[in-house]
Amino acid sequence: MAGGAATGYIAAMAMPTPGHGDLRRRRFRRIPVRTLAPNLVTLLAMCAGLTAIRMAFENRYVLALGAIVFAAILDGLDGRLARFLKGTSRFGAELDSLSDFVNFGVAPALILYFWGLHDLKSAGWIAAMVFAICGALRLARFNVMIEDPDRPAWTANFFVGVPAPAGAITVLLPIYAAFLGVPRSAFVTWLTLFYTLGIASLMVSRLPVFSGKRVGTRVPPEMVGPLIVLVVVSIAFLIAYPWILLTAGTLAYLACLPLGWLSYRGYERRTRESKAETAPAPLAAPPSPTIVPMVRPGDDDERRTRRN
């Protein structure tokens, strides 16, 4: 009896309970490729940012800047790819935010420090840290404002503050200028420090910046050919004349920042006017009843006598 009971107990342990395998299969669901593809692009962008840090540490600034530009291009593609494939997810959003902090907050700050800010010792390191911290604050505010349901629809056309990829590209302007032949000096190094702090303040500011997210969602058929030619020519110029194109693009971007602010104010003014037109008119108060005094004839004669 004892042996039979032990054998039955061991068999019960060996045989899986019904539904256990189904539970395991439900727990480890298959992830569709359309969700993985944008995340792989994000991870590739993070690899580019980390490689940029290594290249800067080895004084190979051409490759470091190329890696930052490549990471910025991939950052513009992963979101569009996720929306196109309908593979957006909370995990992808968090991964993209972390990748942006590494690529456009930490990497540019370290590149600038290795390139010239280290000559200013602690002051240069403080400027690099401030830029990285402002990049983190900018991304955190962006994640919070995405979930705000009270924003008007037209605010999706604008960023609040300079976005992190644009801040990373613009803050590296002193290095572009150095590759174009601008001599390095103590004055240029101090100017780089204040310029870095200025771009960091623009990232955490409330300045409305045109986002361009809704540009290029629909392309007319007659513009497909010219658009492809324009993209090919732009890539060719970026490869052949990278420092001229990056310098000109950075200066043009900084010059266009006031235009975004003016456009935002125009949207705000039209929104206020539309609300004023559609607001219901206040209800008029009912007229107060006229009270006619009841005066007896005798009282009226007495009142005239008193006046006289």
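Asp-119 and Arg-184 form a salt bridge whose closest N and O atoms are 4.0 Å apart, a salt bridge being a side-chain nitrogen of Lys or Arg within 4 Å of a carboxyl oxygen of Asp or Glu. This pair connects distant parts of the chain, 65 residues apart: Asp-119 lies in the loop between helix H5 (90–115) and helix H6 (122–146), and Arg-184 in the loop between helix H8 (173–179) and helix H9 (186–203). Helices (H or I, at least four residues) are DSSP runs, numbered from the N terminus. The model is predicted, with local features requiring pLDDT of at least 70 and side-chain atom pairs counting only at pLDDT 80 or more, while totals for chains, interfaces and linings use all residues. Residues are numbered from 1 along each chain as its sequence is written, and side-chain values use heavy atoms, with hydrogens and water left out.

Asp-119 is partly exposed, at a relative accessible area of 45%, and Arg-184 is likewise partly exposed, at 46%. On this scale, buried means under 20% relative accessible area, exposed over 50%, and partly exposed in between (1.4 Å probe, protein chains only).

Glu-58 is partly exposed, with a relative accessible area of 32%, and Arg-60 is partly exposed at 38%. By the salt-bridge rule, the count for the model comes to four.

Note on methods:
Helix = DSSP H or I, 4+ residues; strand = E, 2+ residues; numbered from the N terminus.
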